[in-house]
Amino acid sequence: MRFYNTFSKSKEEFIPQNPPTVSFYTCGPTVYDYFHIGNARSFIMADVLRRYLEYKGFKVKFVMNLTDVDDRIIKKSIDEKKPSHVVSDFYANAFFEDINLLKIKPATVFPKATQHVSEMIEMIRELEERGVAYNVDGNVFYDVSKFTDYGKLSGKNIEELSAGARVEVNDNKKNPLDFALWKKAKEGEPSWDSPWGKGRPGWHIECSAMSSKHLGETIDIHAGGNDLIFPHHENEIAQSEAAHNHKFVKYWIHFGFLNINEEKMSKSLGNFLTAREILKKYSAEAIRLFFLQTYYGGPLNFSFNLLAAAEKGVEKIKNLAEKIESEIKKDDNIGLVPDFNIKYYYDEFEKVMDDDLNTPQACAVIFDFIRSANKIISETESLHVSFFIDLKKFLTETAENVFGIIHFEELYKKSAQLDGKLINLIIDLRTKLKKEKNFLLADSIRDELNKIGIELKDGKDSTTYKFK
Ligand code: AMP
Ligand code: ZN
């Protein structure tokens, strides 16, 4: 398996430190608002990467943090006249609801920044002792000039970065690129005691401290959106490697932006659509398919037309899945076992996914599979149940478990609900017949239902049913 590593700027063979375990950290949301469909792209692609590693037999320890102390949360808490933790708790819950609706698998751990402040303080102390951090009146900064590899991830040197970067202006800093590890408390802001006085952690130290606590000092994969390469991930490397003295991350994986009208979708530009708004009109499966049809590292332009096309694609998968379910129920074991090379599709799926997670090609393999299966079904009078079992296995392992673009259980639920409604309808009609004293027809309905495995029980006031 090979991935494009932002650090080496090349595709590299994936070899985790302790197979079959893979430690995987991805930057999660800052919980000050509902997340938008651009954020959803990064969350979904990280989810698919994790699921594919699991498909390949790895045991993935997947950690996604929640930034629940931040300037934007504080601003919202002031605007809404609510304590900061009320705002962050509210949007953290909304985040969990929305990722559940998007069928994103929950992380192994969802650490919250405010629950790891002591680990952050410990790490800042370590950096201070090593001489790479300095305290100016209760604000602690990282001294970028002390870290020789600074700029390696974003591929720039310190001079270029200083000139081009939008870095926080702060007179206390020695160098414009130095960044805050600890921010001195301001009136009314959430704060914690520390060796430098009351304050709160900077954003970058959160991820360094939480990743090492939950995954160890060197992690296999660290992911996030492209916008995090600089300064966030560059700063995480500087902090973790200076504190621990060895490599922080083996593979850096970054997701391309979701753009809208060729511009990055972002809260600050105000050009965003929340995931929950989109979920009112489109299924989670369609949203996921829309993202999967583009290479994860490149840009993608948001379009309702493409979402609608993805919904049609999902319908195609569903139609075949429903057919499969009804055929498996029939359990035909005398029909034809067609010549259908399922192994070819597994091989193709893995071949393209192993090559830097080529999900657009992998989707093409799945749709090719569906076309071929449908052709056999339409051309063959009677097919053996084993054929449908094989079809279901392939779709479950690829389209469901890796991509999350079909969910067989939900079809069961839907068809079970429909079965129940239809049987109750028949029971109501039969009750009417009995009231009209048409016992002959009422009995024959009971007998016919019995023949197809549905047993009716006439009680004093009502009739119930059960499957035999
Ligand atoms: P935030 O809540 O802003 O910290 O972002 C959460 C995650 O979404 C990070 O991994 C960001 O890189 C990612 N992200 C933000 N905007 C976009 C976008 N327009 N397209 C793709 N990913 C994004
Ligand atoms: Zn982070």
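User: Which element gives the largest share of the shell around ligand 1?
Analyst: The largest share, four residues, comes from helix 1, where helices (H or I, at least four residues) and strands (E, at least two) are DSSP runs numbered from the N terminus. This is a predicted model, in which local features need pLDDT of at least 70, side-chain atom pairs count only at pLDDT 80 or more, and totals for chains, interfaces and linings use all residues. Residues are numbered from 1 along each chain as its sequence is written, chains are lettered from A and ligands numbered from 1 in the order in which they are written, and side-chain values use heavy atoms, with hydrogens and water left out.

User: How many residues surround ligand 1, and which are the closest?
Analyst: A residue is near a molecule if one of its heavy atoms lies within 4 Å of it. Here 18 residues surround ligand 1, and the closest are Gly38, Ser42, Asp227, Leu258 and Met265.

User: What polar contacts does ligand 1 have with aspartate 227 and methionine 265?
Analyst: A polar contact is a pair of N or O atoms within 3.5 Å; within protein, one must be able to donate a hydrogen and the other to accept it, and residues adjacent in sequence count only if both atoms are side-chain atoms. An oxygen atom of ligand 1 is 2.5 Å from an N or O atom in the side chain of aspartate 227, while a nitrogen atom of the ligand is 2.9 Å from a polar backbone atom of methionine 265.

User: At what angle do helix 1 and helix 9 pack?
Analyst: Axes are lines fitted to C-alpha atoms, for helices over the stretch in contact, and angles run from 0 to 180 degrees between N-to-C directions. Helix 1 and helix 9 (residues 284–292) pack at about 80°, with their axes 10 Å apart. Angles under 35 degrees count as roughly parallel, over 145 as roughly antiparallel, 65 to 115 as roughly perpendicular and the rest as oblique, and these two helices are therefore roughly perpendicular to each other.

User: Where is the cis peptide bond that involves proline 20?
Analyst: The cis bond joins proline 19 and proline 20, with omega about 5°, and proline 20 lies in the loop between strand 2 (10–13) and strand 3 (21–26). The peptide bond from phenylalanine 230 to proline 231 is cis too, with omega near 0°, and proline 231 has its place in helix 7 (residues 229–244).

User: What is the phi of lysine 103?
Analyst: Lysine 103 is not a glycine, yet its phi is positive, about 60°.
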